[in-house]
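Please consult the sequence and the three-dimensional structure shown here while reading this report.

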Amino acid sequence: MSFRQRLNSVSPQRETVITIGVFDGVHRGHSHLLQHLKAAAGAQYQPIVLTFANHPVTVLQPGRDVSLITTLGRKEELIRQQGIDQIVSLEFTQELAQLSAGDFVGLLVENLNMKGLVIGSDFALGRNREGNSERLAELGREMGFSVEVVEPLLLDGLLVKSRVIRQKLTDGEVAVSNQLLGRTFSMSGEVITGDRRGRTLGFPTANVDVNKGMAHPADGIYATWALVDGVRRPSATSIGVRPTFGLSERLVEVYILDFEGDLYGRELEVEFVDKLRDQETFSSLDALVEQINRDVADTRDTLAISGGANGH
């Protein structure tokens, strides 16, 4: 379905107020914007989030990859949790990228009955990003919609942006990422068969095949929660190549504390609370096992501080 067909298929129930963006991660900055959207809509208008199924950068800069913080399904779920029922997801294409700002907002006025547009201060749309806040205000006066510009959110001097969160994850600073997200960063994937090396060491791990193209923390050992049958269980998670064994394949291995059960073939979600240490090379298996025991103890301490079995 083309973006024109998708917009034409929406048929809102009444006049609308719209915000537009990738909304990757649906972090606290996005929540800040969505609160303004709902306030602008009030009881008179229907609030709509227009987002993209793919990241525009991958189309505007071919060959450049962007690791996403959330899948499209998870993103839409998080937006709905904030009281927005109408989400319009478009595939960002070269055709869409070549539309002028006037043509694009014209489609929104025509198909979505837009009467208000809520945007961030650095937002721009249309060919060559011509549709900045000033240009959109001009178009609003011509086409009959208002434009509200929302200032960005700062937390402890950090701009709450998806790119900042990705960088913090890359740096292994998951606790900071969690603060900016407003929740615990998580990854998920199918549990696949590994080499069962952890089992021989006394620490059987679930080898998680994380969805490709998704953001992940830096290599290291983390205190985590693993969601098994809807229950959050304490766990320690290793991301890395296991240099002690001379391996090079990057793995996500989850050791679920005090748990016995077969997870092969099942989807496992892992929430990252804090980094315990960097990946290390050990001189012997005994030294490795000693360190794993310390990691398990540190995990218990960290998760107890983070709020217990039901904490976020």
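This is a predicted model: local features need pLDDT of at least 70, side-chain atom pairs count only at pLDDT 80 or more; totals for chains, interfaces and linings use all residues.

## Aromatic pairs

Four aromatic pairs are present in the structure. In one of them, Phe185 and Phe272 are tilted, with 6.0 Å from centre to centre and 45 degrees between the planes. Phe185 belongs to strand β8 (residues 185–192) and Phe272 to strand β13 (residues 267–277), so this pair ties together parts that are 87 residues apart in sequence. Phe185 and Phe272 are both buried. Ring pairs also join Phe185 and Phe272 with Tyr222 in a cluster.

Phe203 and Tyr255 form an edge-to-face pair, because their planes stand at 80 degrees, with the ring centres 5.3 Å apart. Here too distant parts of the chain are linked: Phe203 lies in the loop between α10 (197–200) and β9 (206–210), while Tyr255 lies in strand β12 (residues 251–256), 52 residues apart. Phe203 is buried at a relative accessible area of 10%, and Tyr255 counts as buried at 17%.

## The buried side of helix α4

In helix α4 (residues 72–81), the buried residues are Lys75, Glu76, Leu78 and Ile79. These residues lie on the same side of α4, because the arc they cover around the axis is only 160 degrees. An α-helix has 3.6 residues a turn, so residues three or four places apart point the same way.

The cover over the buried residues of α4 includes α2 (28–41), β2 (46–52) and β3 (86–90). After α4 comes Gly83, which has a positive phi near 90 degrees.

## Salt bridges

The salt bridges number 14. One of them joins the side chains of Arg166 and Asp24, at 2.8 Å from N to O. Arg166 is in helix α8 (residues 162–170) and Asp24 in the loop between β1 (16–20) and α2, 142 residues apart. Arg166 is buried, with a relative accessible area of 16%, and Asp24 is buried as well, with 3%.

Lys161 and Asp122 form another salt bridge, with their closest N and O atoms 2.8 Å apart. Lys161 sits in the loop between β7 (158–159) and α8, and Asp122 in the loop between β4 (114–120) and α7 (133–143), so the pair connects parts 39 residues apart in sequence. Asp122 is partly exposed, at 48% relative accessibility. A further salt bridge, at 3.0 Å from N to O, brings together Arg300 and Asp258. Arg300 is partly exposed, with a relative accessible area of 40%, whereas Asp258 is exposed, with 60%.

Notes. Residues are numbered from 1 along each chain as its sequence is written. Side-chain values use heavy atoms; hydrogens and water are left out. Rings of Phe, Tyr and Trp (its six-membered ring) pair if their centres lie within 6.5 Å; planes under 30 degrees apart count as stacked, over 60 as edge-to-face and the rest as tilted. Helices (H or I, at least four residues) and strands (E, at least two) are DSSP runs, numbered from the N terminus. Buried means under 20% relative accessible area, exposed over 50%, partly exposed in between (1.4 Å probe, protein chains only). The arc is that of the directions from the helix axis to the C-beta atoms. Contact means heavy atoms within 4.5 Å. A salt bridge is a side-chain nitrogen of Lys or Arg within 4 Å of a carboxyl oxygen of Asp or Glu.
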